[in-house]
Amino acid sequence: MCWQLPLQAASVNAEQLAAQVRIHRDAYGVPHVFGEDDASVIFGFGYAQAEDYFWQVEDVYILALGRYAEVHGPKGLNSDLLNRAFEIVPRSQRDFAALDATSQELYAAFVAGINYYLVRNPQVRPRLIQRFEPWHVLAYHRHVALELCFRFVGLKDSSYVPRRNPHIWTVTGSNGWALSGKRTKSGGTMLLANPHMPWFGFAQLMEVHLHCEAGPDRPGWNFIGAGFYGCPTLALGHNARLAWTMVSNEPDIADSWRIRFDHAEDRLAYRYAGGWRTAEVWQETIKVRKTHGMEDRTHEFRKTHHGPIVAREEERTMLAARISGLFDSIPMRQWLQMVKSRNLAEFRQALSMLQVLYMNVLYADADGNIMFLYTAR
């Protein structure tokens with residue numbers, strides 16, 4: 001079938017990538033993606049995710065674009081407020097242009113796989129996003145991190161606090177065990193990954209096997225594990241030499257500041273270091289789906305040098321928040337190095353990139369090494 005949408009995005013050609021990848025589903029429905037290079041594997045991974053559960057893929061991207069209330073009504077408003085306050089969309093659009101060429105190409109390949117699925121399956125009707133763009137992936141990384149990490153700010157009474165399903169999030173977490181060969185009957189190391197994540201929502205896991213063929217100028221790689229719908233990277237799994245899983249931790253990577261806007265004449269002036277600074281202010285209109293039609297709601301946002309305002313204590317006292325590394329991390333870089341690692345030294349080098357904002361890492365390899373690392377930005 002001919003590609004019917006504009007092809008070129010960061011030098012990615014969907015038809016060429018489609019010719020370089022094949023997807024096999026085993027008896028359990030798990031996709032096994034075989035590609036000729038990194039880009040074709042990531043392209044196939046995007047296609048397999050859409051084929052598996054396009055509804056969830058689109059849903060998390062609607063969330064990342066700050067338009068959740070447009071589809072889900074008032075219950076999506078708090079996430080949209082959080083998204084707009086942290087300027088996820090404009091900053092991701094701008095920052096994508098400054099990414100290294102490899103990250104641009106791989107993000108473009110991933111969304112090209114999703115778009116290619118839509119072209120090949122016209123019976124699938126998106127609720128909102130007719131075409132996925134490469135910069136959407138950057139927005140995805142940032143907004144999901146924001147949803148997961150905002151709790152570290154310590155606020156409970158704010159209209160920006162991400163919603164939590166009480167039946168799901170109270171039992172969400174993860175466990176893992178790494179066993180040295182000294183403790184096993186076989187003498188080999190063992191790793192058990194036990195993530196207990198929701199069966200729905202942006203933290204729902206899917207299992208996948210990704211295989212990149214070796215080329216004349218590069219070794220291949222072969223990895224099976226689990227990741228989230230909408231994400232071009234995997235959170236846990238193993239190759240032929242090593243394995244890892246991620247386990248929840250509680251690092252100190254976020255803070256809030258009390259900001260006093262009590263200047264006699266300037267409502268945007270706030271106290272700092274014995275003087276005054278001026279906050280930036282802007283308005284945004286958020287569309288909110290109603291029972292009949294759509295309602296436009298206009299909200300005012302402010303940001304200080306500490307970060308955006310996310311709560312109001314009283315008329316002239318507000319709280320600003322910041323999360324460490326939120327706009328610095330490019331998980332694709334670290335993930336590729338992790339899956340291609342062949343030993344502990346290479347894996348530690350990958351982790352040293354600090355592209356994962358939080359989570360413990362549990363590791364075991366075929367050389368007899370086990371490791372626990374409390375990691376965070």
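**Pocket notes**

I began with the lining of the largest pocket, where α7 gives the largest share, five residues. The model I am reading is a predicted one.

I looked up where α7 runs, and it covers 134-149. I then listed the other elements that put at least two residues each into the lining of the largest pocket: β3 (173-179), β6 (221-228), β8 (242-247) and α8 (331-340).

I noted a volume of about 810 Å³ for the largest pocket. I counted 35 lining residues there, and nearest the centre I found Leu148, Phe228, Val356, Tyr358 and Met359. I sorted the lining of the largest pocket by class and got 22 nonpolar, 10 polar and three charged residues.

Which element gives the largest share of the lining of the second largest pocket? I found that β4 does, with five residues. I placed β4 at 190-196, and recorded β5 (205-212), β6, β7 (236-238) and β8 as also supplying at least two residues each to this lining.

I classed the lining of the second largest pocket as 14 nonpolar, five polar and one charged.

Last, I cross-checked the two element lists.

Notes: Residues are numbered from 1 along each chain as its sequence is written. This is a predicted model: local features need pLDDT of at least 70, side-chain atom pairs count only at pLDDT 80 or more; totals for chains, interfaces and linings use all residues. Side-chain values use heavy atoms; hydrogens and water are left out. On a 1 Å grid over the protein atoms alone, a cavity is a set of points where a 1.4 Å probe fits but cannot get out, and a pocket is an open set with protein on both sides within 12 Å along at least five of seven lines; lining residues have an atom within 4 Å of a point. Grid points are joined across faces, edges and corners, and a volume is the space filled by probe spheres set on the points. Helices (H or I, at least four residues) and strands (E, at least two) are DSSP runs, numbered from the N terminus. Ala, Val, Leu, Ile, Met, Phe, Trp, Tyr, Cys and Pro count as nonpolar, Asp, Glu, Lys and Arg as charged, and the others, Gly among them, as polar.
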